[in-house]
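Here is a friendly walk through some helix packing and a domain interface. Please have the model open as you read.

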Amino acid sequence: MADFRFIVIGAGMMGAAAARHLSAVGDGVALIGPAEPADRKTHLGVFSSHYDEARITRGFDGDPVWAELAKRSIGRYAQIEAESGIPFYHEAGCLFAGNGKGLGGDYVASALSAQGRLGLEVETFAASQMGARFPMFHLPGDHQGWFEPRNAGYVNPRALVKAQIKIAECRGATLIRETAVRVSDTAFGVEVMTAEGQRYTAEKVIVAAGGFTNMADLLPVNVDMAATGRTIAFFELDADKQRAFASMPSTIVLAENAEDIVYILPPVRYPDGKLYLKIGGESEKGRLETLSEAVRWFHSDGTASEVDFLVKRAVELMPELTGCPVTSGSCVASITRTGYPYIGYTQSSNIAVLTGGNFVAAKSSDEIGRLGAVLLLDGQLEEVDFARSVAPVFA
């Protein structure tokens, strides 16, 4: 007899959400994944990119699948906060700014076309209005704005994961703070071996290991997904700077090509007690193929040239940041062939995969996790849950 009915491998944003949804319908759920390391610089095992304090959330999206995934997740934020007692959502609003041309213009046009269907509240600002409405920015003279004031802002990913896990455990799920290294389909169910030397069995397993999905023997065949390192820069704000940016929303500055897009988080307090404004981009393309490469990347402070680009861009857009102390960090984006998360079974009918955030999934992680739970419980997804869009592609 198996130890568990379902095992979720990966205690990050998707895996924790899947465990919560599975725990709502029965016993026999286990969530396997290590805790955040006490010292990032010396840790030699797997990491998670949710080890941070802020991720943008919004319903305004140029892709209809991602827009719906976000809407469903955002609609459950209050429920998760209430049931767990852990606050994680901050309704700061979300601003998109751009000149309406090229890639950015196409994105906005598509997002606006879905506004009514999704029931989104979006305020539109002409270029001439932007300075008065968003005085913390010094945007190019041709940049318009599209602002989502409600059901948008940012989530604390650390707190969201804690909330998901707390609810799952309260419902009877078992949290195992170990690292899975091998998953095997046997005649008696699925066997999971951990780096700590333990063996666990289940009727079905779903692998939600993020960028590390292909870096261990977790799937019968690897998924077609690139783990890509991304650099982020942090501006430390003193009391004066905090006042200057106090009313700032989460912001995405669009561009005519993807390499020039940047996202900016408003001031957020980090565990060291200081407030930081964070900026990141989408230009880095380097792949991380092995665990050792990924560990070295997480030990780093990102790419120096990318830090320089982000700092230059931030000061152009927000001159008040001039002179602020700057630090940087690293995270990993899991980019799939389809541009959507992979949620489906592998060549084994007992081993499924749940991965592929594509650098935009934090806000939608609860719904992505729910779909992973539906897959295990029902054996398949229906088109209402984007079955074809999220079907895994294998390498």
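Helices here (H or I, at least four residues) and strands (E, at least two) are DSSP runs, numbered from the N terminus. The model is predicted, so to speak with care: local features need pLDDT of at least 70, side-chain atom pairs count only at pLDDT 80 or more, and totals for chains, interfaces and linings use all residues. Residues are numbered from 1 along each chain as its sequence is written, and side-chain values use heavy atoms, with hydrogens and water left out.

**Helix pairs**

Two packed helices are described by the angle between their axes and the distance between the axes. The axes are lines fitted to C-alpha atoms, for helices over the stretch in contact, and angles run from 0 to 180 degrees between N-to-C directions.

| Pair | Axes come within | Crossing angle |
|---|---|---|
| H1 (residues 13-23) and H7 (residues 157-170) | 8 Å | roughly 25 degrees |
| H1 (residues 13-23) and H11 (residues 365-378) | 7 Å | roughly 55 degrees |
| H2 (residues 64-74) and H11 (residues 365-378) | 7 Å | roughly 95 degrees |

H1 passes H7 in a left-handed crossing (the near helix is turned anticlockwise from the far one by less than a right angle; clockwise is right-handed). Their contact (heavy atoms within 4.5 Å) includes Met13, Ala16 and Ala17 of H1 and Leu160, Val161 and Ile165 of H7. By class, 10 of these contact residues are nonpolar, two polar and one charged; Ala, Val, Leu, Ile, Met, Phe, Trp, Tyr, Cys and Pro count as nonpolar, Asp, Glu, Lys and Arg as charged, and the others, Gly among them, as polar.

H1 also meets H11, and this pair is oblique, with a right-handed crossing. Among the residues in contact are Met14 and Leu22 of H1 and Ile368 and Gly369 of H11. The contact has nine nonpolar, three polar and three charged residues.

H2 and H11 are roughly perpendicular to each other. Trp66 and Arg72 of H2 are among the residues touching H11, whose side includes Asp366 and Glu367.

**Domains**

An automatic or database domain assignment gives domain 1 (4-51 + 157-225 + 337-390) and domain 2 (91-153 + 227-335). Their centres, taken over C-alpha atoms, are 28 Å apart. Domain 1 brings 20 residues to the contact and domain 2 brings 24 residues. Together they bury about 1,800 Å², 59% of it on carbon and sulfur atoms; buried area is the accessible area (1.4 Å probe) that two parts lose on being put together, summed over both.

Key. Parallel < 35°, antiparallel > 145°, perpendicular 65-115°, else oblique.
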